[in-house]
Amino acid sequence: MSNLQLIKRLYRGKTCYSDALSEEELELLQLPSGVDVIVEQMVSEGRIVFLTGNPGDGKTFIIRTARKKRPHLYVISDLNSISDTQMDEEIQRLLNCYHNHIPCIVAANEYPFLSLLRKLAAIAPDFHKELLGVKQNTTILNYPTVQLGRICVVDLNDRSLLDKERSIVKLTVDKFIVLLQDSLGSNSYLDYNIRALSDSLVLQQYIKIFSLISLTGEHFAIRDILGTVAYSFTACTFEDADVSWGYYYDAIFSGDNDLMKIATNFDPILLSKPSLDERLWNGELVDGWRLGAPEKWPYEIEEDVEQAVNLFKSIKRKFYFENELSKGLEDLQPVDYNECEKILISIRSKNKEIKRRLIRSMNKLFLSSDMECDRLRVWTTHGFDLSREFGAAVSTRYIDGADLELTFPEPVKWLDRLEYTPSYIVLRHKKKDLRKTYLKIDLDMLKTLIAIEKGYPVALLSTQYEQKLTQFLHGLCSARLAKDYSYGEAILSNRREGTCKKISIEDDKYELSVGGTL
Amino acid sequence: MNKNFDTLRDEYGAKLCMELGFLPTSNSTKPLYIANALLRESTGRICEMQDVHKWVVSERRAKATPSKELLDEFSTVFSDSGAEKVEELQEVRFYLERVFNPDSTVHPDYTFSVMNISSKWLIHPYVKAEAGIGRFLFEILNEQINGTSSPALELLRAALQQDDDDITRLIKPIIIRKPEAERLKKIPLEPTSISFNQSKRVIRAGFDRLAKNIVLLGQAEDSLLVLRRLVCFASFAVFFYLEDINHTEFAAPKIPLLLDAGLGLGAIESASSGSFLSCKKAVEAYTINFLEKYLTGLNGQYILDINSKKAIEDYINSIALHHKKIDVDEIRRVILQHYNGYCEKGEAPIRAIARSLQFALYTYTYPNNTPSDFCNVIGKRGGLAGPAGSAAKQVRLLIHRFTLENLILSVIEPERLQEGLELRELGEYLRDSYLVIIGTDNDVDYSLLANAKIAQDTPENLRSELSQNAQGIADMLISLDLAKRYADGVTIIGTEV
């Protein structure tokens with residue numbers, strides 16, 4: 001099989017993967033991964049390594065790598081394929097490994113792993129307890145709660161291979177460019193794609209698309225990533241290829257795997273800048289093209305509007321990836337995604353500033369005119385009729401922003417080589433014994449808070465985050481960590497109108513004329 | 001006999017409600033009334049809060065106490081009464097009304113008003129719209145199972161004792177004007193005498209698991225959340241009981257409750273609407289079955305022979321009827337007409353009279369407040385049915401996120417929730433407990449809908465939409481941090497995922 005055929009197979013279906021590839025082919029596709037190093041270390045220390053993850057996450061690759069050094073390593077390569085009767089035998093072997101310090105690797109998808117856990121709970125409670133503890137603590141918030149013992153779990157669901165810093169996209173592109181050298185000259189589109197993706201600007205823009213995809217919070221298996229890159233290069237060589245997807249910049253938005261479907265959300269054709277669009281249509285933009293300006297422009301196709309529009313779309317994508325002036329277009333990618341990325345990138349360096357921004361947005365959830373950013377107000381909405389929105393909220397206390405920390409999960413120390421990007425950040429109280437009470441701000445919630453910050457009407461948002469935030473705040477209240485406002489101040493909010501009334505309740509007396517704004 | 005005695009209302013209707021344990025004949029029953037009823041029965045206390053009520057009814061309402069009068073009457077609650085302005089108080093009362101009357105249950109007349117309940121201080125005496133639901137639920141919760149009552153009761157009582165929440169804080173200066181002994185009154189509680197049937201057992205088990213899971217989630221100290229969760233489940237329990245009792249008492253087929261995740265899937269919307277409609281029909285069917293059973297008990301006494309068409313016709317002619325607006329002869333004529341019609345269709349006379357009396361009950365006694373209407377209202381307000389609003393065309397089991405969460409916490413034992421379970425297993429739990437279906441198993445769920453004659457009336461793509469709906473439900477759980485989806489489509493539900 002030629003390298004071109006091998007790469008094409010990566011896009012085609014789930015059966016064309018590691019199990020079906022020869023050692024030589026696997027060797028060609030091997031990408032360095034931190035997980036290999038982790039597994040090697042754990043095995044060398046005699047541990048039982050559970051590799052959990054999904055089909056296509058690269059478990060077989062990892063096992064093959066580990067076995068190269070240790071051909072006799074005991075491995076259960078797919079827990080799913082083991083029958084119930086075999087399972088009992090395998091568990092006994094595992095227990096034997098466990099008690100006799102014999103290393104082994106067990107690869108399992110999520111559900112079979114859950115089934116195994118249940119069986120172990122009955123048969124081997126100690127093993128079960130240790131395994132469950134390690135599994136639930138592969139990522140931590142600042143300090144470990146479980147010590148590594150005889151068992152370790154490498155959860156490939158936690159592996160993020162798309163974001164800017166950890167991206168394997170560049171490695172994959174580089175590898176494919178090398179592998180495809182022997183096909184140069186066989187297809188003009190393929191030649192072009194190889195040349196284009198060797199360019200630093202193009203590669204940067206290409207990686208940026210994957211980076212935006214990573215901000216959707218979806219987990220993509222390595223299979224999807226390799227398939228997408230493979231298709232970008234080779235769509236033009238498929239028998240059923242439509243010439244209009246021949247170029248990498250069209251192909252990446254035309255494939256049908258899960259990752260490419262998400263990619264369509266970031267297709268440059270969705271970004272509109274009228275003056276630019278006009279120049280691109282009329283062929284007036286001739287500067288800044290790294291690989292040469294388009295040979296034909298939409299305005300030249302007078303007889304077929306659809307054809308002209310399709311050409312325009314293609315040119316716009318080409319512009320996005322290949323033109324030095326494309327920055328303006330790139331900035332039009334959805335604001336919440338761009339902001340989300342900025343927050344995640346700078347969460348360490350600008351921690352306080354980000355915390356204040358998020359606190360302000362959270363306060364605005366309950367009172368749109370509230371600009372408070374140093375105190376997270378404890379708002380209470382209460383009622384029993386779920387067919388109505390809560391029109392009023394009350395706040396008599398707050399959590400001092402200085403008492404809160406904004407952090408994010410990280411892999412435990414022994415997994416620090418894992419390509420990990422947090423899929424959520426966490427707001428919690430600094431008090432140590434309360435660290436289980438935290439607000440998990442996933443990417444969707446983060447985008448929502450950004451939207452509120454930008455003035456998006458809260459009334460149009462789902463109430464799900466309000467409920468989540470309220471539960472967090474009231475949890476802190478129950479732990480007596482909220483402080484009363486000075487002078488017994490109470491704020492009553494009319495959420496529909498964004499107005500409020502402040503009163504004071506001190507020594508069981510009302511004062512209705514409390515001055516000052518929020 | 002009282003000349004106003006109406007056999008439909010005072011005999012059949014009353015016996016029906018007694019048999020059910022509550023009166024599902026009001027379309028003004030709201031979750032807050034259920035809360036008031038349940039919490040009063042659970043604590044055995046009510047609170048006298050006429051003064052707070054005066055504040056809460058703002059001056060935009062007719063018959064509200066003018067703020068100027070309040071300033072005089074409550075001069076001791078202000079730190080500097082001279083400085084307070086009428087306009088300020090008016091504004092505050094407007095806000096207080098929004099806080100304490102979120103569900104439109106506060107009226108100018110204190111007797112019929114229930115204010116938003118955040119603590120023991122806000123529990124009101126019995127109001128008609130409670131429909132006896134408090135007692136019904138309390139009896140289920142108080143039943144000794146393995147020597148103990150439901151842990152939900154303790155949670156509720158503890159939550160009500162906490163009165164430092166933001167809502168209660170707002171009215172503390174008014175509350176402390178009177179000593180606690182003057183405010184809180186004990187109410188006489190009759191000993192419980194529950195007949196525990198299977199539907200009640202299911203409800204009790206749900207309350208118990210929900211209470212245990214609230215503790216597991218570390219939410220027992222959050223008094224307002226505890227109240228909201230348990231009252232939300234109470235609303236579901238009442239709905240469930242109504243739709244399930246015909247199965248429990250008369251072995252009618254159980255109704256699959258297809259929850260709509262709100263993805264806009266046409267077949268799901270249609271089937272879920274069919275589920276909801278079947279629930280309402282089940283209540284009607286229960287009424288018929290109950291009447292048949294009840295009238296059978298009159299055999300040889302008031303009805304000479306229940307198998308005789310003539311004897312039953314005589315009975316219909318003998319029953320006392322009374323109606324304020326409609327001529328009773330007209331009502332009797334309609335009953336007889338329906339009776340004869342059913343007999344002609346081959347129904348047994350006893351069945352025919354049960355059917356015709358059910359029709360008369362729903363048409364003349366509860367024209368706007370049938371048990372079916374009750375299902376509609378409680379379903380919508382309890383977050384089980386939707387869309388909200390009386391103009392909504394296709395009302396279905398459009399589950400609210402909060403109700404869904406509580407349902408799930410009511411079917412899974414805490415240990416299992418900690419350990420995690422797969423979405424398909426959650427589907428099994430929901431089916432086993434309430435025959436709630438979410439689409440986790442296409443074949444099983446589809447056949448349940450087909451057996452209930454719901455699937456046949458929906459577009460062809462129902463089978464494929466079921467799994468999409470299940471993913472929609474999973475998305476809701478993921479957003480609640482109660483589930484995690486993996487790339488191969490497996491979704492694990494649990495508190496530690």
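How many residues of domain 1 of chain A are in contact with residues of domain 2 of chain A? Here 6 residues of domain 1 touch 5 residues of domain 2, where contact means C-beta atoms, placed from the backbone, within 7 Å.

## Ground rules

This is a predicted model, so local features need pLDDT of at least 70 and side-chain atom pairs count only at pLDDT 80 or more, while totals for chains, interfaces and linings use all residues. Residues are numbered from 1 along each chain as its sequence is written, with chains lettered from A and ligands numbered from 1 in the order in which they are written.

## Domains of chain A

Chain A splits into domain 1 (32-158), domain 2 (169-330) and domain 3 (349-511), with bounds from an automatic or database domain assignment. The centres of domains 1 and 2, taken over C-alpha atoms, sit 40 Å apart. On the side of domain 1 that touches domain 2 there are 1 nonpolar, 4 polar and 1 charged residues. For these classes, Ala, Val, Leu, Ile, Met, Phe, Trp, Tyr, Cys and Pro are nonpolar, Asp, Glu, Lys and Arg are charged, and the others, Gly among them, are polar.

## Two helices with a buried face

Take α3(A), residues 34-44: Val35(A), Ile38(A), Val39(A), Met42(A) and Val43(A) are buried (20 or more other C-beta atoms within 10 Å of the residue's own, C-beta atoms being placed from the backbone). Helices are DSSP runs of H or I with at least four residues, and strands are runs of E with at least two, numbered from the N terminus. Seen down the axis, the buried residues of α3(A) fall within an arc of 125°, so they line one face of the helix; the arc is that of the directions from the helix axis to the C-beta atoms. They pack against β1, α4, β3 and β5 of chain A. Just after α3(A), Gly46(A) has a positive phi of about 80°.

In α9(A), residues 188-196, the buried set is Tyr189(A), Leu190(A), Asn193(A), Ile194(A) and Ala196(A). Their arc is only 165°, which puts them on the same side of α9(A). Their cover includes α8, α10, α11, α12 and α15 of chain A.

Between chains, 46 residues of chain A contact 58 of chain B. The largest share of chain A's side, 6 residues, comes from α20(A).

Technical notes
Buried ≥ 20, exposed ≤ 12 C-beta atoms within 10 Å, placed from the backbone. Contact = placed C-beta atoms within 7 Å.
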